[in-house]
Amino acid sequence: MESHYTKRPFLLFLSFTVLLVLIRADPDPLQDFCVADLGATVVVNGFPCKPASGVTSDDFFFAGLSREGNTSNIFGSNVTNANVLSFPGLNTLGVSMNRVDVAPGGTNPPHSHPRATELIILLKGRLLVGFISTSNQFFSKVLNPGEMFVVPKGLIHFQYNVGKEKALAITTFDSQLPGVVIASTTLFASNPAIPDDVLAKAFQVDAKVVALIKSKFER
Ligand code: GLV
Ligand code: MN
């Protein structure tokens, strides 16, 4: 009869496999490539492939990150996305990238990516980068060019330009579409709006303070 002990290696192997499956980001592709047909009406987990016969080198090329982003906005920052929506050749490949431009004193405000871990490499300037863990511990560093920082999947993080020059960073993700939840605009500029009473209670302030913050994000 099979004992409890002979089953154990199998159970260990099984739990390890399940763990590996759970910690992977986007699923592996089932073919070399699958350039997204963004106009397709069928909805799948990702996008259907455009016919391979119509795929050219241009589908694997994207120049959008070569241009500096316009940081003349309330945050003093700009994020240019190279994800499956702007670069359909990434479909099913499980990766994406951003260009982050931050003016002196500007911030890419606290936000999270529900579907990806983020790696940041600074190319120019000096940038304070940080994230907050689920036990509310703040981890941060000031990056100089060539230095990197990693933000674990789903955690709130930000960048802030502490230098005198414009900062330029490239961020990479283990998802073709990491998604972004910006803390301030999610809470104070959602559509429809979260009731003022909820926010007043959550932040322990007067409803007037909530109205004031909401007014900052009105377009
Ligand atoms: C930076 O945090 C980015 O999301 O590109
Ligand atoms: Mn980010």
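Modeller: Let us begin with the ligand. The model is a predicted one, and in it the largest pocket is the space taken by ligand 1.

Colleague: Which elements give two or more residues to the shell around ligand 1?

Modeller: They are β2 (96-102), β3 (107-112), β8 (156-161) and β9 (167-173).

Colleague: Which residues are around ligand 1?

Modeller: The shell consists of N98, V100, N108, H111, H113, E118, H157, Q159, T171 and F173. Sorted by class, two of these residues are nonpolar, seven are polar and one is charged.

Colleague: How should I read polar contacts, and which side chains have a polar atom by an oxygen atom of ligand 1?

Modeller: One looks for pairs of N or O atoms within 3.5 Å. E118 places a polar side-chain atom 2.7 Å from an oxygen atom of ligand 1. For H113 the corresponding distance to a ligand oxygen atom is 2.9 Å, and for H157 it is 3.1 Å.

Colleague: How much of the accessible area of ligand 1 does the protein cover?

Modeller: On its own, ligand 1 has 190 Å² of accessible area, and the protein covers 98% of that area.

Colleague: Let us turn to aromatic rings. How many aromatic pairs are there?

Modeller: Rings pair if their centres lie within 6.5 Å. The count here comes to seven aromatic pairs.

Colleague: Why is the pair of F75 and F217 called tilted?

Modeller: The angle between the planes decides: under 30 degrees counts as stacked, over 60 as edge-to-face, and the rest as tilted. The planes of F75 and F217 stand at 35°, so this pair is tilted; the ring centres are 6.4 Å apart. The pair also links distant parts of the chain, 142 residues apart. F75 belongs to the loop between α1 (4-23) and β1 (77-82), and F217 to the segment after α4 (207-216).

Colleague: The backbone remains. Which residues does a cis peptide bond join?

Modeller: Such a bond joins N191 and P192, with omega at about -5°. P192 lies in the loop between α2 (183-188) and α3 (196-203).

Colleague: What is the phi angle of T92, and where is T92 placed?

Modeller: Phi of T92 is near 70°, which is a positive value in a residue other than glycine. T92 is located in the loop between β1 and β2.

Definitions and conventions
Residues are numbered from 1 along each chain as its sequence is written. Chains are lettered from A and ligands numbered from 1 in the order in which they are written. This is a predicted model: local features need pLDDT of at least 70, side-chain atom pairs count only at pLDDT 80 or more; totals for chains, interfaces and linings use all residues. Side-chain values use heavy atoms; hydrogens and water are left out. A residue is near a molecule or strand if one of its heavy atoms lies within 4 Å of it. A polar contact is a pair of N or O atoms within 3.5 Å; within protein, one must be able to donate a hydrogen and the other to accept it, and residues adjacent in sequence count only if both atoms are side-chain atoms. Accessible areas come from the Shrake-Rupley method with a 1.4 Å probe; for residues, only the protein chains shown count as cover. On a 1 Å grid over the protein atoms alone, a cavity is a set of points where a 1.4 Å probe fits but cannot get out, and a pocket is an open set with protein on both sides within 12 Å along at least five of seven lines; lining residues have an atom within 4 Å of a point. A molecule sits in a cavity or pocket if more than half of its atoms lie within 2 Å of its grid points. Helices (H or I, at least four residues) and strands (E, at least two) are DSSP runs, numbered from the N terminus. Ala, Val, Leu, Ile, Met, Phe, Trp, Tyr, Cys and Pro count as nonpolar, Asp, Glu, Lys and Arg as charged, and the others, Gly among them, as polar. Rings of Phe, Tyr and Trp (its six-membered ring) pair if their centres lie within 6.5 Å; planes under 30 degrees apart count as stacked, over 60 as edge-to-face and the rest as tilted.
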